[in-house]
Amino acid sequence: MADKVIGIDIGGTNLRGALVDREGNILKRMKILSEADQGINKLIDNLAGFIKDISEGESVYDIGIGIPGIIDSKEGIITEAPNILNVSDYPLRSVLDKKLGSDINIVIENDANSAALGEWWMGAAKEVNSMIMITMGTGIGGGIILDDKLWTGASGMAGEIGHITIYPDGAKCNCGNYGCLESYASATAIRRMVHEGLEDESLSTSLRESTKNVEIEDIPLIVMEAASSGDEFSLSIWHQVGVAMGIGIASLVNLLNIEMIVIGGGVSNAWDLFIDRAYSEARKRAFRAPMERASIGRGSLKDDAGILGAAYLAHQGCK
Ligand SMILES: [Zn+2]
C-alpha cells in the first residue's frame with residue numbers, strides 16, 4: 001500500500017476528492033464543479049487540474065475515481081454515463097495516462113460501488129464482512145460487498161439494485177423497464193408521485209404550492225417537511241417509498257443473507273418517515289433467520305463514502 005492516494009467522486013454537479021492515507025484518514029479535501037453537462041473534454045480538463053492541485057507538494061501515484069455510470073473497471077473504460085454529455089465506451093484511464101504521465105496508476109469504478117466500499121472500509125459497515133449499500137438519490141444506486149470484496153459481477157455491472165422489479169406493472173423507469181425500485185424510492189420517483197397526485201385537483205396538500213418550480217433534488221426535502229407537518233398526501237408518498245424499499249430489502253436478504261444493509265443518499269434523510277414501513281414490509285416477506293441477522297442502518301460518511309471507497313481501491317491497486 002502506498003502512504004497516500006487520491007480518492008475522487010465525480011458527480012453530475014460536483015467533482016469532490018481527497019488525499020487519503022492508508023488508515024483511511026482524509027488529509028486534505030477539495031471540491032470543484034464537474035461541468036459534466038458540458039461534455040467529457042471539459043470534465044477531463046477539470047479532473048486533470050483537480051488532480052494536479054490536490055497532489056501539489058505530495059508524492060502521489062495512485063488515484064481511485066468513482067463515476068456515475070456503467071464502468072468497465074478492468075479496462076478503465078466508461079461504457080455508459082447518462083450524466084456526462086457524449087460519453088460511450090470512453091477510455092478514461094488511457095486518456096488520463098496521457099495527460100498525467102504513465103507513472104500514475106488509475107482505478108475507476110461505479111460511484112455506488114465506491115460508496116459501498118467507503119461505508120464498509122471506514123463507515124457504518126466497518127465491522128462486517130458482507131453488506132449491501134443502497135443509495136437513494138436522483139436514482140437508486142447499489143453496491144455489494146461479499147466476504148470483504150466488492151462483487152462487481154461477470155461484466156462489472158453487478159449491484160444495480162435500483163432496477164430490481166418491485167411491481168411488474170408499475171411506473172415506467174428511466175431504464176425502460178416498469179416498476180423498478182428506482183421508480184418508487186428515488187427523488188425521481190417522489191417527483192412522479194407528487195405530479196400524479198396533484199393532477200387530482202380536489203386533493204388538498206401543501207405540496208401544490210411548495211413544489212412549484214423547484215429542482216428535482218430539492219423535492220424529497222420539501223415532501224419530507226410537509227409530511228413532518230402532517231400533510232396526509234406527503235405521508236402517503238413516504239409510505240409508498242417504505243413499502244417499495246421493504247420489498248426490495250426482503251429480496252436482497254433472502255438472496256444473499258448479508259450482515260448489513262446500509263442506506264444512504266439524499267432521499268434517506270427522510271429516514272423516520274419510511275424506515276419503519278420498510279422494516280415491517282421486509283419482515284413480512286423475507287425468511288425470519290436471515291432477516292434477523294441483517295441489520296439495517298444509515299450510512300455514516302455522507303459525501304465522503306464515494307471518496308473513501310475510491311481511495312480504498314487506489315490503495316489496493318498499488319503494489
Ligand atoms: Zn429501472
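**A short note on this predicted model**

1. Let's start with one glycine. Gly 142 touches Ala 112, Asn 113, Met 133, Gly 159 and Ile 161, leaving aside residues up to four places away in sequence. Please keep in mind as you read that this is a predicted model.

2. Where does Gly 142 sit? Its place is in strand E10, which covers residues 140-146. Gly 142 counts as buried because its relative accessibility is 5%, and the cut-off for buried is under 20%.

3. Next, have a look at a sheet. Strands of a sheet pair through backbone hydrogen bonds, either parallel or antiparallel. Here three strands form an open sheet in the order E5-E6-E7, and the pairing is antiparallel. Strand E5 (70-72) and strand E7 (88-90) are the edge strands, each pairing on one side only. From one strand to the next, the twist averages 20°.

4. Which residue of E7 is the bridge partner of Ile 78? The partner is Tyr 90.

5. Now to the helices. Two packed helices are described by the angle between their axes and the distance between the axes. For helix H1 (residues 40-54) and helix H2 (residues 92-100), the angle is about 55° and the axes are 11 Å apart. H1 and H2 are therefore oblique to each other, and H1 passes H2 in a right-handed crossing. On the H1 side, the contact is made by Ile 44, Asp 45, Leu 47, Ala 48 and Ile 51; H2 brings Leu 92, Val 95, Leu 96, Lys 99 and Leu 100. By class, the residues of this contact are eight nonpolar, no polar and two charged.

6. Helix H5 (residues 187-198) and helix H7 (residues 219-228) pack with their axes 9 Å apart, at an angle of about 60°. That angle makes H5 oblique to H7. Is the crossing of H5 and H7 left-handed or right-handed? It is left-handed. Ala 187, Ile 190, Arg 191 and Val 194 of H5 make the contact with Ile 219, Pro 220 and Val 223 of H7. The contact of H5 with H7 has six nonpolar, no polar and one charged residues.

Technical notes
Residues are numbered from 1 along each chain as its sequence is written. This is a predicted model: local features need pLDDT of at least 70, side-chain atom pairs count only at pLDDT 80 or more; totals for chains, interfaces and linings use all residues. Side-chain values use heavy atoms; hydrogens and water are left out. Helices (H or I, at least four residues) and strands (E, at least two) are DSSP runs, numbered from the N terminus. Buried means under 20% relative accessible area, exposed over 50%, partly exposed in between (1.4 Å probe, protein chains only). Contact means heavy atoms within 4.5 Å. Axes are lines fitted to C-alpha atoms, for helices over the stretch in contact, and angles run from 0 to 180 degrees between N-to-C directions. Angles under 35 degrees count as roughly parallel, over 145 as roughly antiparallel, 65 to 115 as roughly perpendicular and the rest as oblique. A crossing is left-handed if the near helix is turned anticlockwise from the far one by less than a right angle, and right-handed if clockwise. Ala, Val, Leu, Ile, Met, Phe, Trp, Tyr, Cys and Pro count as nonpolar, Asp, Glu, Lys and Arg as charged, and the others, Gly among them, as polar. Two strands pair if DSSP finds at least two bridges between them.
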